[in-house]
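Trainee: Could you walk me through this one before I set anything up with it? I'd like to go region by region.

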Amino acid sequence: MRILGVFAALAAVTIPASAHHSFAVYFDPEDTVVLEGTVTAFRFTNPHGTLVLDVDGQEWRAETNAPVVLRRRGWTRGSVRPGQHVTISGWRARDGRRYMRLREVRDEAGRMIGSAPFGKDDG
Amino acid sequence: MKRAAGLIAAALALMAAPAMPAAAQDSPPDFSGFWGPVFEPVEPAADMLAKLPDGTVLVEDTGVVEFPRGEFGGLDPTPEALAKAQEWQPEDDMTLDRVCLPPSIVYALQGPFPFEIHQTDELIVIRYEYFDQVRLVFMDDRTAPADYPHSKMGFSTGQWDGDELVIETTHIMPSTITNNGLDHSADLRMVERYRIDGESGRLVATQWFTDPSTITKDGVRWIEWEKREGQHVYPYECDPTFALEYAAQ
């Protein structure tokens, strides 16, 4: 498993907007995870999109903000595609499963998908 | 990030409950348009807080701020409501049959989603992006018909108090107050007071609510939205199969 970093400071100020369920209840703002892997699935439906990532044989799921929010940041359902190699960061589920809330996605060239990371001025 | 909630000073208000204004003015302001939530820290307007009942709790979970389990922003749950909140498990809401249930307007109003206002003299329509909900605010002095059903949006009537729009809502179906296990009853009453801030041009509001069977102190939120010309509400079309993704991991 390639967990590139687990650190605490990133989420200290801003917490991503929730759609249905509460970020504060489900995710740990002090447990930020950075992963590099291959996309195996991407769904783009409310209340949350989901990006499934193969990280050296382990499956991780990252839920996004509501796609209505993603669209205003320049995302489409084709922004991420299966087979694509990406690096993602976000906040891990409090229950310790390989599940997280997505902050940002960067492609293989290091370019961020969309116009801004999540957790800042959603809308 | 969350600031501690606090009691609004007793000196701010003398009224027992927010009163509906007695009369409307001839030319009310136009609130029509697309309004998006403001996430930067804001200070409530003292004169609007002063119109609230003594002892009202300022609940500071507006916008992106959320409370973790067991924290209710200064609201004081009754023993029954607290017991229910303590029994609540987050996973309970992440199932196929629940994940697309919209919250009531009590919680939905403060959320980080935009809405459109369509305003006439007799009726104001508020179209929320969050769960595609639509709210009717009757401006013609009607009252709720007998046996009017409860819903997540409730039954709303509005009046103008100078340049402020005052909306009273009842018939709200039980739902969450703080999105962490604390639910309101079917008897909750909510009074919102909206105006356009003269300096910022933002739409600002107090959202006051009382529900003695679940919270012993009345609550209020302060919320601000900014007008965004040329934007529109997107369809939400909640897909319950998201719950399968959560369960899969």
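Trainee: Okay, what is Met100(A) in contact with, leaving aside its neighbours within four places in sequence?

Mentor: In this predicted model, and with those sequence neighbours set aside, Met100(A) is in contact with Val33(A), Trp60(A), Ala62(A), Gly90(A), Trp91(A), Arg92(A) and Ala93(A).

Trainee: And which residues touch the most other members of the largest nonpolar core?

Mentor: Met100(A) is one of them, together with Ile88(A) and Val106(B), in a core of 77 residues. Strand β10 of chain B, residues 203-210, gives the most to this core, namely 5 residues. As a general background point, nonpolar side chains in soluble globular proteins tend to be buried together.

Trainee: Back to chain A, then. Why would you call strand β6 of chain A largely enclosed?

Mentor: Strand β6(A), residues 99-106, has 6 of its 8 residues buried, so the rest of the structure largely encloses it.

Trainee: Which strands pair with β6(A)?

Mentor: Strand β4 of chain A, residues 58-63, runs parallel to β6(A) and is joined to it by 3 bridges, with Glu63(A) standing opposite Arg101(A). Strand β5 of chain A, residues 85-93, runs antiparallel to β6(A) and is joined to it by 6 bridges, and there Trp91(A) stands opposite Arg101(A).

Trainee: What about Asp141(B), buried or exposed?

Mentor: Asp141(B) counts as exposed, because it has 10 C-beta neighbours inside 10 Å, and it lies in the loop between β6 and β7 (155-161) of chain B.

Trainee: Let's stay with chain B. How many helices and strands are there?

Mentor: Chain B has 4 helices and 11 strands, and 43% of its 249 residues count as buried. Among chain B contacts between residues at least 6 apart in sequence, 65% join residues at least 24 apart.

Trainee: Which strands pair with β11 of chain B?

Mentor: Among them is strand β2 of chain B, residues 33-37, which pairs with β11(B), residues 219-227, in the antiparallel sense over 3 bridges, with Trp35(B) opposite Lys227(B). Strand β3 of chain B, residues 57-58, pairs with β11(B) in the parallel sense over 2 bridges, and the bridge partner of Val57(B) is Gly219(B). β10(B) also pairs with β11(B), in the antiparallel sense over 7 bridges, and here Gln207(B) stands opposite Arg221(B).

Trainee: Why does Leu203(B) count as buried?

Mentor: Leu203(B), which has its place in strand β10 of chain B, is buried because 23 other C-beta atoms lie within 10 Å, where 20 or more are needed. Not counting residues up to four places away in sequence, Leu203(B) touches Phe31(B), Trp35(B), Tyr194(B), Ile196(B) and Trp225(B).

Trainee: And Ile215(B), what surrounds that one?

Mentor: Ile215(B) is found in the loop between β10 and β11 of chain B, and it is buried, with 25 other C-beta atoms within 10 Å. Leaving aside its neighbours within four places in sequence, its contacts are Leu75(B), Asp76(B), Pro77(B), Thr78(B) and Ala81(B).

Trainee: Last topic: what are the confidence scores?

Mentor: Chain B averages a pLDDT of 90, with 89% of the residues scoring at least 70, but over residues 1-16 of chain B the pLDDT is below 50. Chain A averages a pLDDT of 83, with 80% of the residues scoring at least 70, and over residues 1-19 of chain A the pLDDT is below 50, although that stretch has 55 contacts in the model beyond near neighbours in sequence. For the complex, the predictor gives an ipTM of 0.81 and a pTM of 0.85.

Conventions. Residues are numbered from 1 along each chain as its sequence is written. Chains are lettered from A and ligands numbered from 1 in the order in which they are written. A nonpolar core is a set of buried Ala, Val, Leu, Ile, Met, Phe, Trp, Tyr and Cys residues joined through C-beta atoms within 7 Å. A residue is buried if 20 or more other C-beta atoms lie within 10 Å of its own, exposed if 12 or fewer, and partly exposed in between; C-beta atoms are placed from the backbone. Two residues are in contact if their C-beta atoms, placed from the backbone, lie within 7 Å. Two strands pair if DSSP finds at least two bridges between them. pLDDT is the predictor's confidence in each residue, from 0 to 100.
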